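Hi there,

Here is the structure I promised to pass on.

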Amino acid sequence: MSSPGTTGRLVLAATPLGDVRDASLRLAEALAEADVIAAEDTRRLRSLTTALGVSPRGRVVSFYEDVETARLPKLLESLRAGETVVLVTDAGMPSVSDPGFRLVAACVAEDLPVTCLPGPSAVTTALALSGLPCDRFCFEGFAPRKPGERSKWLASLRDEPRTAVVFESPHRVASLLADAASVLGADRRAAVCRELTKTYEEVKRGTLSELAAWAAEGVRGEITVVFAGAEPRSVSVADLVGEVQSRVASGERLKSAAAEVAEAAGVSKKELYDAVLTARTAK
C-alpha cells in the first residue's frame, strides 16, 4: 500500500478483447495489488478477475465516459497520496477510443508517473489480420454517425496513402461500406474484422463493393474495418495547369503558385510554369 510522502502511479492496463487467456500475468498481478482500480464497467471487471482467479484488495470505482471528468479529482488525489491506480476498459488498451485520455493528460500536467501494461488491441490485431500493408497506418477511431459527416470524413481518406483502421457499430457497418465504396472507389481493398479473438471470429476481405454487398445482409458483433491506402496517382503537368490558374486568380503570384503545386505533385516546377504561360497565350 502507499507510504507517506510518496507519489503513486497510474497504470494503463490492456485487457483481453474476448479470450481471457490473452490476459498477461502482469495484468493479474496489477489487478490484485492495486490500491484503486478504475474500470469502465465494474461488472466486466468482476467477470475478468473471477476468470483470472484474482481477488482485488483495492477500491474499485467506475470510470466510463459520462463520469470520466467527475472522477478525475479523486483519482488524482489518490495518485498524489502515493497510491497505485490501475485503469482498465471493457477490452483492449485504455485511451484508444475508450476512457483514459483525460486522466493521462491530467497526470502528465502534474508530472505524476504513468506506465502501461501492454496487451491486446483491436487496432493492431485487425491490421495484422487484414492482409493489407502494415508498414504505415493511421487509426481513425469510430466513423461519424451522420451520413453527411461520414461522407466528408471518407473524402479526407480518398488520397490517404496509409492503411486506415476504423471502429464501427454492427448496425452501421453496411452504410459505412456502401458510402466508402462510393467515395473511395468500389475497387478499393478493405477488410472487416468481426469478433476478434472470440469464438465466432471472422475476417472478411475484398473490394469495398464486395464487402458492402456482404454487409447488406446484416453483420453482428464487435467490428473493426481496415481500408487500404490510396494508390499513388499519376499526375501530368497538363493536369495541374488549372489548379495553378485558380490560385493565381485568388491572388497568388504565378511563380510561387506553380512552385508549390509542382512540389506537391512531384513534377518539374519549370515545366508547370511554362505550361501555364503557354495556356495564357493560347487564349
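Cys193 has a relative accessible area of 0% and is therefore buried (buried means under 20% relative accessible area, exposed over 50%, partly exposed in between, with a 1.4 Å probe and protein chains only). Its closest cysteine sulfur belongs to Cys134 and is 11 Å away, which is too far for a bond.

Before I go on, some background. This is a predicted model, where local features need pLDDT of at least 70 and side-chain atom pairs count only at pLDDT 80 or more, while totals for chains, interfaces and linings use all residues. Residues are numbered from 1 along each chain as its sequence is written, and side-chain values use heavy atoms, with hydrogens and water left out.

Back to the cysteines: how many disulfides does a search of the whole structure find? The search gives 0, taking a disulfide as a pair of cysteine sulfur atoms within 2.5 Å. Cys138 is in none either, and the nearest cysteine sulfur, in Cys134, is 13 Å from its own. Cys138 counts as buried too, at 7% relative accessibility.

Next, the salt bridges (a side-chain nitrogen of Lys or Arg within 4 Å of a carboxyl oxygen of Asp or Glu). The structure holds 13 of them. In one, Arg194 pairs with Glu202, with the closest N and O atoms 3.1 Å apart; Arg194 is buried at 16%, whereas Glu202 is partly exposed at 27%.

Arg247 has a salt bridge with Glu252 at 3.0 Å, N to O, and another with Glu260, where the closest N and O atoms are 2.3 Å apart. Since Glu260 sits in helix α10 (residues 254-265) and Arg247 in helix α9 (residues 237-249), this pair ties together parts 13 residues apart in sequence. Helices here are DSSP runs of H or I with at least four residues, and strands are runs of E with at least two, numbered from the N terminus. Shared partners join Arg247, Glu252 and Glu260 into one network.

As for strands, 4 of the 5 residues of β1 (residues 9-13) are buried. Strand β1 runs parallel to β4 (residues 84-88), with 4 bridges between them, and Val11 has Val86 as its bridge partner there. Another 4 bridges join β1 to β5 (residues 114-117), also in parallel, and Leu12 stands opposite Cys116 in β5. Strands count as paired if DSSP finds at least two bridges between them.

Happy to talk any of this over.

Best wishes
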